[in-house]
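Subject: Model handover and notes

Dear colleague,

Please find the model below, followed by my notes on it.

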Amino acid sequence: MEDIIISVAQRTLVAGTPLLLGTIGEVICERSGILNLGVEGVMSVGAVTAFIITFVTGNPWFGLVAAIVAASLISVIHAFASITLQASQVVSGLALTMLGLGISGLVGKPYIGKPLTIKMQNWAIPVLSDIPIVGPILFDRSPFFYMAIVLAALAWFTLEYTRLGITIRSAGENPMATETQGINVYRVRYWCVIIGGAFSGMAGAHLSTSYSKSWIEGMTAGRGWIVIALTIFALWNPMRAIIGAFLFGGIFVIQYLLQPLGISPNFLAMLPYISTLFVLFIGALRDSRKMNAPAMLAEPYRRGER
Amino acid sequence: MANTDVNISIGEGEILGLLGENGAGKTTLMNILYGLYQPDSGTIQINGKDISIKSPGDSRRYGIGMVHQHFMLIPNHSVAENIALGYEMTPLLFPQRKIKDSIITYSKKFNFDIDPSRSVWQLSAGEQQRVEIIKALINGADLLILDEPTSVLTSQETQDLFQNLREMKAQGHLIILISHKLDEILELCDRVTVLQKGRIVGEAQTTDVDKKSLARMMIGREIIFQIEKEPMERSDKVITIDNVMVKNDKDLEAVKGISFSIFRNEIFGIAGVSGNGQRELVEAITGMRTVESGKITIDGNDITNESVRCIYNSGIAHVPEERIRFGIAPGLCLYENAILKQHHKPKYSNKLFLAYSKIKEHAQKLLSDFKVLAPSINVQTKNLSGGNIQKLILGREISEGPSLLVASHPTYGLDVGATEYLRKQLLKRRREGGAVLLVSEDLEEIFELCDRIAVMFQGEFMSILNSDDLRLKDIGLMMAGSLRL
Amino acid sequence: MLKLKVTDRIDVLPRHSLLSLVFSLAAGLLAISVIFLFSGVNPLYAIFKIFSGSFGSLYGLKETVTKAIPLILIGGGLAVAFRAKFWNIGAESQLLMGAIFGTWVGLNWGPHLPWPVIVPLMFLAGFVGGAIWGLIPAILKIKFSINEVISTLMLNYICNEFVKILIVGPWRGKTKHGFPYTDDLPLSATLSVLPGSRIHYATLIVAVVTVILLGIAIYKTRFGYEVRVIGENPDAARYSGIDFFKTTLIIMVISGGMAGLAGVGEAAGIHHYLSYPESISSGYGYTAIIVAWLAKLNPLYVILSALFFAGILVGGDAIQISLGLPAATVQVFNGTLLVFLIMGDFFLKNRVALQWDLKRN
């Protein structure tokens, strides 16, 4: 029984890690006012890049760095389209998804069926990982997991308690007021989109070099879309995202485990999306200010317009 | 040209008032000081030294701070976060905590009573304004410019603000108060400079002048009554507004229990500086804003809070203040905009289909009847000049022969030719038996066209007078809230 | 320093529009060639293969028309929704809902009714199903101001799982040996195809007819006029007395219903049973977004646009077989073309000038 609990918990943390990473990035991006629907595509690009570079160099850390770079670069397209060209962020984000999925599938084709010999190994933290039950669950995990937790806390701290955080949040709340304070809102948003992409890239790297050691087309399997839901479910708060990511991740882990009990796995799979809608619904009934939704999310901002 | 040959000077520990109507050039001048615009010629000197200001950052460095009429605050953030956003010396980490002390210091210094951790949306207008002031002060402003600061304040809040400003003056700050309200200028300021159409038309110590002389300087003309329109017998009542109260977007009362009626063959004018409730009144009458209390009746039908379409069907047409924003769909072509408000009428559509041949015919007629210059009825409406767009809108609304035509700042921004043409059309409507409600800041227009004139100030009518009433010579006082009849 | 100066362009003519389109597609194809080169594929050969695979043979043409059918239907509906700036991303699930309703009618009433009765009934049911699913985000937006992008996206996934629940549970076919498929639709409930092809012509006729009707509606009816005004300038719409609520609801009934019709077409015309949602909807709901976009939201142009993208889909299949390229290649096409269309649109609407600005630092 204990083994089952440990196993489920471990797998939950693994499943939630890419979700958390992606969500941190999307939170930063949306907080600055830009909606990025391209997460699925960017994550895919990160995954394939990490895989290829790790395959070629034998070092998963190079793969991680390359994934971050590639994901950031491709995100520039969305930034350019939605900030400079003022195009619809919905259309631009969807284009990014298609492009990302397409390019990664194309570029990754030769590598299908060739697993990595070296993948990202788990780090067992000395002493802590020996604690019964909790040890193997929390402290013998992939570096991606530790990074995700640390980065989530860092992101939260930055958004809430630093000057940079105020700047980002103000750009998303009221770009006009922010601009009158001498801040270049365009530049702030560009960086936030790119950083958001970098996080999605990390999430993708986790998938191809830690979660599994192979590349297959469609590796991201809809995780990018879950990230978008999770961003809202977490009310744009990276700390809440930690809980949400493992909650959502956990659902997919126990999805089939609960089947003998008569609980439909498909119904469970619906829960992340239903709960996101539910969160929005509740927010609409109460004072929407508590929602934390950036007031100007997805509204194009043109400098000089009153 | 917004300003010509403007020379202003201000000494230490002084409050200077800048008086003038809207469009007199006050805000432009101050925006130059603040660094938002560049002057085409002229100099700025501080303590006798020439300086140049190219951006808000520059002006801030020279100790100039500005509190705009429309607050640039982020409602969901706290006071501390809002101030930290613009403050150059904001620390990178934990800015809210570190700035808090500075905020409290300034707060105590001038008795502002602002709690840095509260969210801005929870603050009253007066408190929000004080946040803006602290924002300016914390950046080291010695000179503080306030643009129409009392337009959003209650009278108590106004008194509090004046108290604060006096204390700041005592501490050596220089203050420029931009306003159109005579009472406030006289109460608070040491000196006053009067601007009209971009020029200085008067300067004085406030102890040397009274309201009447200031008003005369502000309006700048003797009120000569040149009624070129033929007198008309007052006919039946068309619309009655009965004790109507309307709120503005900030949930404050913008129209405070106004009552009046308009008759056929009459142009009824509402004069007054923009922002005193005119917009909200017009929106309430045309159905675009809720009437909180009171009643509006047209031709005997109660139309209070009915839908826009229902009100239109009852006979009220509307030429809106912001013609591009509300009056047309810019990307649609002319003939499609020619029926923007009328497309549901039987002659332009049956149940399902629009009768395009009739619509195009109508559009063609509008173009010629109202002298709209356009290559054809098929061009996109946004390609027309402002004047032609307005003529289209006016023609569209007038041609249906409405019982009441509401025209809000109809000649704003138009050239002389278009202006004259529009005014003639309004007079024509009056002759034909229609009633017109004209809201305008242009006194010339008000006097030329109206049979009766109401002066609106802070949501109330200061007076309703016939256009030949001699008491209208004090219209300046009424517009500035200093005289009620 | 070099600055970009952007101003509105006010003299846009239809021929400019066409030019911008051609340039965007050309630039897009160029970019796609670069991507192919980079991935070790001969771009000229690949692009040639894609277009010859879809338009160059009779078989290809037939497949292209087959795949164009759902795109025409959904694209037409989206053109209406997008015109009013209602961002319906949920066509994928509205299609599935249509398939569900249509399949239910087909399985339950099919055996007892002749095809002239059952087929229209299925289409009707499908329309209703899609319309209901489309009304949900409309109501959520009107009553609760919930952003339709998110709600339609969430509903896509919810519906996806719902289909899976049906096909492994109550609707699992008795003849399917335990596989998660429904029973085959009875013969009267299947749509016949043109001989030698998979073109279920009934749906094709419905598609073309409805799209033409929509085109007429948008440009000739009062409703279409109001939709266009809302999309152009919502403030002016308010001023003119247009009823937002009613119009939004009708828009989503149309958009959802059209997708529902497509769902019936796929279920009854192609597969003849209800199965894994991804195989039924095949991403048509998302592809149709670009279809509508390329057609500049004109329901009549949607027909051409749908054929074009259907051709890319079919060509993508052809390339998969002949060059061994992954299925994702099609996504490269779609994504790149869309990006260049966005850019082309920008240059169409704005005049851009490079400027030397010496005044500011």
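Thr247(C) is buried, at a relative accessible area of 2%; here buried means under 20% relative accessible area, exposed over 50%, and partly exposed in between, with a 1.4 Å probe and protein chains only. This residue belongs to helix α10 of chain C, residues 244-271. Helices are DSSP runs of H or I with at least four residues, and strands are runs of E with at least two, numbered from the N terminus. Leaving out residues up to four places away in sequence, Thr247(C) touches Phe223(C), Glu226(C), Val227(C), Ile230(C) and Ile242(C), where contact means heavy atoms within 4.5 Å. Its C-alpha atom is 9.6 Å from that of Gly224(C), which is 23 residues away along the chain.

On provenance: this is a predicted model, in which local features need pLDDT of at least 70 and side-chain atom pairs count only at pLDDT 80 or more, while totals for chains, interfaces and linings use all residues. Residues are numbered from 1 along each chain as its sequence is written, chains are lettered from A and ligands numbered from 1 in the order in which they are written, and side-chain values use heavy atoms, with hydrogens and water left out.

Two further buried positions

Ser281(C) sits in helix α11 of chain C, residues 277-281. With 1% relative accessibility, Ser281(C) is buried. Apart from neighbours within four places in sequence, Ser281(C) has contacts with Glu92(C), Leu95(C) and Leu96(C).

Ile389(B) is part of helix α14 of chain B, residues 386-398, and is buried at a relative accessible area of 1%. Not counting residues up to four places away in sequence, Ile389(B) touches Arg323(B), Ile324(B), Ile328(B), Thr381(B) and Leu384(B). Between the C-alpha atoms of Ile389(B) and Gln69(B), 320 residues apart along the chain, there are 29 Å.

Helix α12 of chain A

At its N-terminal end, α12(A) is capped by Ser264(A), which has a side-chain oxygen 3.2 Å from the backbone nitrogen of Asn266(A). At Leu271(A), shortly before Pro272(A), there is a kink of about 35°; the bend is the angle between axes fitted to the seven residues ending at a residue and the seven starting there.

The buried residues of α12(A) include Leu268(A), Ala269(A), Pro272(A), Tyr273(A), Thr276(A), Leu277(A), Val279(A) and Leu280(A). Their cover comes from two chains: it includes α10 (223-233) and α11 (238-254) of chain A, and α5 (115-144) and α6 (148-168) of chain C.

Positive phi in chain A

Ala221(A) has phi near 50°, positive although the residue is not glycine. Ala221(A) is in the loop between α9 (185-211) and α10 of chain A and is exposed, with a relative accessible area of 59%. Leu235(A) also has a positive phi near 50°. It lies in the loop between α10 and α11 of chain A, but Leu235(A) is buried, at 15% relative accessible area.

In α5(B), 14 of 14 residues are buried. Gly140(B) follows α5(B), with a positive phi near 85°.

In α9(B), residues 278-286, eight of nine residues are buried; among them are Gln278(B), Glu280(B) and Glu283(B). Gly287(B) follows α9(B), with a positive phi near 90°.

Domains and interface

Chain B is divided into domain 1 (15-219) and domain 2 (237-479), with bounds from an automatic or database domain assignment. Their centres, taken over C-alpha atoms, are 35 Å apart. Ten residues of domain 1 contact twelve of domain 2, and the two domains bury about 1,000 Å² between them, 66% of it from carbon and sulfur atoms. Buried area is the accessible area (1.4 Å probe) that two parts lose on being put together, summed over both.

Between chain C and chain A, 44 residues of chain C are in contact with 42 of chain A. The area buried there is about 3,700 Å², with 83% from carbon and sulfur atoms. Met154(C), Tyr157(C) and Ile342(C) supply 16% of the area that chain C buries against chain A, more than any other three residues.

Regards

Key:
A polar contact is a pair of N or O atoms within 3.5 Å; within protein, one must be able to donate a hydrogen and the other to accept it, and residues adjacent in sequence count only if both atoms are side-chain atoms.
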